Amino acid sequence: ISLILKLLPYYSSFLLKNIILLKKRNLFANIIENNDFLTDDKIENDLVFLTILLNEEEIFILLIKTFPSKLKIKTPENETLLSLAVQQKNLKLVKFLINFDVINVNEADILFIIFNVMNV
């Protein structure tokens, strides 16, 4: 872990993505919770998207609680985090995201919710 912490300031997103892909959830949580270096701008949006696409619920929730500005991000296709969670049929993340006032539930999100989540 000491090597990771030394490299983190320079390769934070790369290292964190690989830690997720390797399913090292505890290591990921330990780094996020105990590192003062990481800020919202050091966490790439792709990292947040990846946690949804891989159904890494606890990691996603940790990221959002630690970096709340990430709630407003959108994919290059203009999809919200809520849209991605609905597409993944991840009811836990949908419920989690709906609780935040900053989430913009647009028409596409509503259609996804109606046609996908309600049919889970």
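Trainee: Is Thr75 buried or exposed?
Mentor: The model is predicted, so local features need pLDDT of at least 70 and side-chain atom pairs count only at pLDDT 80 or more, while totals for chains, interfaces and linings use all residues. Residues are numbered from 1 along each chain as its sequence is written, and side-chain values use heavy atoms, with hydrogens and water left out. Buried means under 20% relative accessible area, exposed over 50%, and partly exposed in between (1.4 Å probe, protein chains only). Thr75 has a relative accessible area of 9%, so Thr75 is buried.

Trainee: Which residues does Thr75 touch, not counting those up to four places away in sequence?
Mentor: Thr75 sits in the loop between H4 and helix H5 (81-87); helices (H or I, at least four residues) and strands (E, at least two) are DSSP runs, numbered from the N terminus. Contact means heavy atoms within 4.5 Å. Leaving out residues up to four places away in sequence, Thr75 touches Phe49 and Leu84.

Trainee: What kind of aromatic pair do Phe60 and Phe96 make?
Mentor: Rings of Phe, Tyr and Trp (its six-membered ring) pair if their centres lie within 6.5 Å; planes under 30 degrees apart count as stacked, over 60 as edge-to-face and the rest as tilted. A search of the whole structure gives 1 aromatic pair. For Phe60 and Phe96, the ring centres are 6.2 Å apart and the planes stand at 80°, so the pair is edge-to-face.

Trainee: How many residues apart are Phe60 and Phe96?
Mentor: Both Phe60 and Phe96 are buried. Their pair links distant parts of the chain, with Phe60 in helix H4 (residues 57-66) and Phe96 in helix H6 (residues 91-98), 36 residues apart.

Trainee: How far apart are the closest N and O atoms of Glu58 and Lys92?
Mentor: Lys92 also meets Glu57 in a salt bridge at 3.9 Å, N to O. Lys92 is partly exposed, with a relative accessible area of 38%, and Glu58 is exposed at 51%. In the salt bridge of Glu58 with Lys92, the closest N and O atoms are 2.4 Å apart.

Trainee: Which residues make the nonpolar surface patch of about 330 Å²?
Mentor: Patches are made of residues with over 30% relative accessible area and no salt bridge, where like charges are joined within 9 Å and nonpolar side chains (Val, Leu, Ile, Met, Phe, Trp, Tyr) within 5 Å. Accessible areas come from the Shrake-Rupley method with a 1.4 Å probe, and for residues only the protein chains shown count as cover. Phe14, in helix H1 (residues 2-21), has 57% relative accessibility and so counts as exposed. The patch is made by Leu7, Tyr11 and Phe14.

How values were computed: A salt bridge is a side-chain nitrogen of Lys or Arg within 4 Å of a carboxyl oxygen of Asp or Glu.
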